[in-house]
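Good morning, and thank you for coming.

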Amino acid sequence: MSLFKRIVSKLTNQPEDDDKQSLEKLGDSLKNADLDYKFAQLFTHSGGFFNYCADEAEALQTLNQILKIEGVSSVFCCDKDLQNFLNVVKISHTPQLEVINDAAFITCEYLIAYDGRIMLSHNNILHYHSSRLPSKIVVMANVSQIVNNLNDAMGKIKRSGNIKNLTSISGNHSKLDTATHNNTKLFLLLLED
């Protein structure tokens with residue numbers, strides 16, 4: 001980028017570099033890093049909020065803090081195990097997506113280290129399109145769900161079968177960025193297996 005363009009971008013508060021190019025540069029610089037470190041760096045670079053949790057107690061505490069700080073009052077959560085977390089922190093939740101939901105608490109299929117994206121399926125968000133999810137999304141995943149790239153994830157999905165309606169999301173630069181969801185906040189609680 002030329003010096004003139006850099007000065008103009010600073011004055012107009014526009015990003016100096018295209019986000020995709022900058023993400024690719026970061027990915028290239030991390031090509032020899034551990035998968036969990038690479039994923040965390042690329043996920044946060046794309047606007048996500050990464051939270052490592054050593055155990056479920058720490059995940060519960062982190063979840064409670066997120067819900068309080070974000071002012072969440074009703075959560076879409078279709079996973080029975082995750083609903084238990086919400087019962088402990090005493091937050092209202094529904095198993096189907098409703099207008100009153102101001103957050104979603106979901107699981108995922110895989111975490112893609114190559115670009116910091118989170119792969120979802122019907123197992124995680126039912127029949128809803130990802131763009132219909134609330135503007136605050138909290139995803140709980142395990143370190144063992146981190147895969148190197150999309151090919152690795154697709155290979156595992158093919159072997160496990162019965163997974164449909166795949167999509168992926170990432171921080172602010174995701175497919176969730178629509179006219180109604182331009183302030184999407186994506187939080188990840190990554191649990192040690």
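Which residue in S7 does Phe-105 stand opposite? The residue opposite Phe-105 is Val-138 in S7. Please keep in mind throughout that this is a predicted model.

Let me place that pair in its strands. S4 covers residues 103-106, and strand S7 covers residues 136-142. The two run parallel and are joined by three bridges. S4 also pairs with strand S2, residues 74-76, again in the parallel sense, here over two bridges. In that pairing, Val-75 stands opposite Ala-103 of S4.

How are the side chains of S4 arranged? In a regular strand, side chains alternate between the two faces of the sheet. In S4, Ala-103 and Phe-105 point one way, while Ala-104 and Ile-106 point the other way. Are these residues buried or exposed? All of them are buried.

Two packed helices are described by the angle between their axes and the distance between the axes. For H4 and H5, the angle is about 65 degrees and the axes are 10 Å apart. The crossing of H4 and H5 is right-handed. On the H4 side, the contact is made by Glu-56, Ala-59, Leu-60, Leu-63 and Leu-67; on the H5 side, by Phe-85, Leu-86 and Val-88. By residue class, the contact of H4 with H5 divides into seven nonpolar, no polar and one charged.

That brings me to the aromatic rings. A pair of rings is described by the distance of the centres and the angle of the planes. How many aromatic pairs are there? The count comes to four. In one of them, Phe-39 and Phe-43 have ring centres 5.5 Å apart and planes at 20 degrees, so the pair is stacked. Both residues lie in helix H3, four residues apart, about one turn of the helix. Phe-39 counts as buried, at 0% relative accessibility, and Phe-43 counts as buried at 0% too.

Another pair leads back to the strand with which I began. The rings of Phe-85 and Phe-105 have centres 6.3 Å apart and planes at 80 degrees, so this pair is edge-to-face. Phe-85 lies in helix H5, residues 80-88, and Phe-105 in strand S4, so the pair ties together parts that are 20 residues apart in sequence. Both Phe-85 and Phe-105 are buried.

Finally, a word on H3, which covers residues 35-45. Its buried residues are Lys-38, Phe-39, Ala-40, Leu-42 and Phe-43. Just after H3, Gly-47 takes a positive phi of about 105 degrees.

Key. Residues are numbered from 1 along each chain as its sequence is written. This is a predicted model: local features need pLDDT of at least 70, side-chain atom pairs count only at pLDDT 80 or more; totals for chains, interfaces and linings use all residues. Side-chain values use heavy atoms; hydrogens and water are left out. Buried means under 20% relative accessible area, exposed over 50%, partly exposed in between (1.4 Å probe, protein chains only). Two strands pair if DSSP finds at least two bridges between them. Rings of Phe, Tyr and Trp (its six-membered ring) pair if their centres lie within 6.5 Å; planes under 30 degrees apart count as stacked, over 60 as edge-to-face and the rest as tilted. Axes are lines fitted to C-alpha atoms, for helices over the stretch in contact, and angles run from 0 to 180 degrees between N-to-C directions. A crossing is left-handed if the near helix is turned anticlockwise from the far one by less than a right angle, and right-handed if clockwise. Contact means heavy atoms within 4.5 Å. Ala, Val, Leu, Ile, Met, Phe, Trp, Tyr, Cys and Pro count as nonpolar, Asp, Glu, Lys and Arg as charged, and the others, Gly among them, as polar.
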